[in-house]
Amino acid sequence: MGKIICGHCRFENRDTRNFCEKCGTFLRTKNFDKTAYELPEVKMMRVVENLLHVPHEPINWDKFIDACSEKVERLDSLFRIPGMGAENNAALVQDVKDFLNLCRNPEFQIAFVGTIKTGKSTLINALLGKNYASMAVTPETAALTKFRASPRDYVKITFYTKSEWDKLWASRTEGASAFMREYEELQGDKHKDKWINKPPLYKQISNDDIEDELKIWSSSKHAEHYFVKEIEVGISTLGKDFPPQVVFVDTPGLSDPVAYRSELTKEYIRRANAVFVCIDAQKIQREEIETISSVFAFSSDDKSKVHIIATHWDVLNDPETDWKEQKDYLVKRLTGKAFFEKREHAAENIMHSAAFIYNLCRDYDSLDKKGRIALKRFALNFEYDLPADLHKLKEKTNVAAVMKVIREKLAANYKKLLSREIQSKYRNITYNFNRVAKEKKDLMSELMAASSSSQQELDRKISEQQTKRDEVKHSAEQLREIIKQVKFKTRTRADIICGKLRLKLSEGKR
Ligand SMILES: Nc1nc2c(ncn2[C@@H]2O[C@H](COP(=O)(O)OP(=O)(O)OP(=O)(O)O)[C@@H](O)[C@H]2O)c(=O)[nH]1
Ligand SMILES: [Mg+2]
């Protein structure tokens, strides 16, 4: 007679038994696939199903990054299923979030800085292709404004918190009397409570309304601007060739009598990937050199990120000859320990521009009489005829050359740097996922593999799971049958025993 050893208590049972004589454990496990039995296969099916439908946000600026982010999106969706590890790995959850954010919203920040009225907003408008930022002749840009490409046009206004405002107020320097006068004239205090501590205001607006909307929040003529910490503008009409990761930052003057505000601008310069210092070509004097020096001081980590743009080039008496002389002077003055390291760097990074003229050329068809006269007067310098020589005139303004630097030198390089950063973050994340996967052993590893599988492989896994499910179903049916038989046999035995007992009892009575 054969024996069956109990898997639980190792007791030797006769092979006619279905349950262990000693501990009662089911003995007939041979026909049951234990792993399939233990696997939460219903969850598995759901996971595989999920993997097939993880939405992917395409990354258009780099194919490799696109593939990395797709993989991380899948791993992330797996990870977030209850019990799969996210609950105990908050740092990894945050890393994944930051990683995807970096892939989706890579930013290359270019800050435009300089003293007031040096043409920062005019140059930004030329680069953006439309007059969004206000360029009035009185001090205008009073709040830091970021411009970026976006599928929809919007403005997002961020206000100071109460504690930031208190610091700002306490940081007014002695030179802030004009600031105070204006603040009182515009009755700033009356508006204060309305805006301080307010959550950011997000407004989707039409492209044509951006300029007016910006005036409300950034212009020094509106009381609201005092309480605005930062404005972000999304623009839908930027050309396809506009580098999507580039963000232009229009800054208020560096010599703000309210120290807290100039500190914010300085902080931006430190963080910016590139800085364009605008100086007026007509008056390159001590003050401009001081501004440039302070920008270099904040950019000590990478001086090559500084670019000097001499604006108002068109207003020089003899633009081409005068600029040659000016540039020679600037290159000499700005080469050295505290500035550009080499003369060639200085020569490359010091440029001129006549953005005002560029914008007139761009808007030629809708110019008023004043605009046309200004343009004609400038065209006379080169004996150009309008509109026939409009293109040549535009070239002279050098705005296209500035854009070329942004696109080819900065954005392209940035792409490389960012790719490197993303790759190392990616390696880190997948390493950590693998670590969690090891903890979760076989199940998680299989799912990890599934996350990178092709559709075909996933289909195969699904059908494999289906087979496992069928096997389990089959085993369950078997089990039910066995239990039925056991119950039947037990009842039969009980009936016999009870019958015998009854017989004995009736014999006893007799
Ligand atoms: N002729 C000429 N005028 C310019 C040029 N750039 C700017 N302007 C004019 O200079 C004035 C100031 O220009 P903005 O672009 O507002 O200067 P900003 O540096 O942004 O000024 P704030 O924001 O007030 O500091 C405006 O009247 C512009 O039309 C230029 O290249 N040539
Ligand atoms: Mg401005």
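Which residues are exposed on the other side of H4? The points below take this helix first, then the rest of the predicted model.

1. **Helix H4.** The exposed residues on the other side of H4 are Ala90, Ala91, Gln94, Lys97, Asp98, Asn101 and Arg104. The buried ones are Leu92, Val96, Phe99 and Cys103. H4 spans residues 90-104, which is 15 residues. From first C-alpha to last it reaches 21 Å, close to the 21 Å expected at 1.5 Å a residue. Helix H3 (63-79) and H17 are among the elements that cover its buried residues.

2. **Helix H10.** H10 covers residues 259-271. Its 13 residues should span 18 Å at 1.5 Å a residue, and the end C-alpha atoms are 18 Å apart, which agrees. Arg261, Leu264, Thr265 and Ile269 are buried in H10. Seen down the axis, they fall within an arc of 140°, so they line one face of the helix. Glu267 and Arg271 are exposed, on the face turned away from the buried side. Cover for the buried residues includes strand S3 (108-113), helix H6 (162-170), strand S9 (274-280) and helix H11 (286-298).

3. **Largest nonpolar core.** This core holds 93 residues. Ile110, Phe248, Val275 and Val277 touch the most other members. Helix H17 (residues 399-439) gives the largest share, 10 residues.

4. **Val275 and Val306.** Leaving out residues up to four places away in sequence, Val275 touches Ala111, Val113, Ile269, Val295, Ser299, Lys305, Val306 and His307. One of these, Ile269, is a buried residue of H10. Val306 lies in strand S10 (residues 306-311). Is Val306 buried or exposed? It counts as buried, because 25 C-beta neighbours lie inside 10 Å, and the cut-off for buried is 20 or more. With the sequence neighbours up to four places away set aside, Val306 touches Val275, Val277, Val295, Phe296, Ser299 and Asn349. Phe340 is 34 residues from Val306 along the chain, and their C-alpha atoms are separated by 8.5 Å.

5. **Strand S5.** In a regular strand the side chains alternate between the two faces of the sheet. S5 (residues 154-159) has a covered face with Val155, Ile157 and Phe159. Its uncovered face has Tyr154, Lys156 and Thr158. S5 pairs with strand S6 (residues 201-204) in the antiparallel sense, over four bridges. Strand S7 (residues 228-235) is also antiparallel to S5, with six bridges. Which residues are the bridge partners of Ile157? In S6 the partner is Leu201. In S7 the partner is Ile231.

6. **Backbone points to check.** Most residues other than glycine have a negative phi, and most peptide bonds are trans. Arg10 has a positive phi, near 65°, and is not glycine. Arg10 sits in the loop between strand S1 (3-5) and strand S2 (12-14). It is exposed, with 10 other C-beta atoms within 10 Å. Asn197 also has a positive phi, about 75°. Its place is the loop between helix H8 (188-195) and S6. Asn197 is partly exposed, with 13 other C-beta atoms within 10 Å. The peptide bond between Leu386 and Pro387 is cis, with omega about 0°. Pro387 belongs to the loop between helix H15 (369-380) and helix H16 (390-396).

7. **Whole chain.** The protein has 19 helices and 11 strands. Of its 510 residues, 29% are buried. Among contacts with a separation of 6 or more, 71% join residues 24 or more positions apart.

How values were computed:
Residues numbered from 1 in each chain as written. Chains lettered and ligands numbered in written order. Predicted model: local features only at pLDDT ≥ 70, side-chain atom pairs only at ≥ 80, totals over all residues. Buried ≥ 20, exposed ≤ 12 C-beta atoms within 10 Å, placed from the backbone. Helix = DSSP H or I, 4+ residues; strand = E, 2+ residues; numbered from the N terminus. Pairing = 2+ DSSP bridges. Core = buried A, V, L, I, M, F, W, Y, C linked by C-beta atoms within 7 Å. Contact = placed C-beta atoms within 7 Å. Expected span 1.5 Å × (residues − 1). Arc of directions from axis to C-beta.
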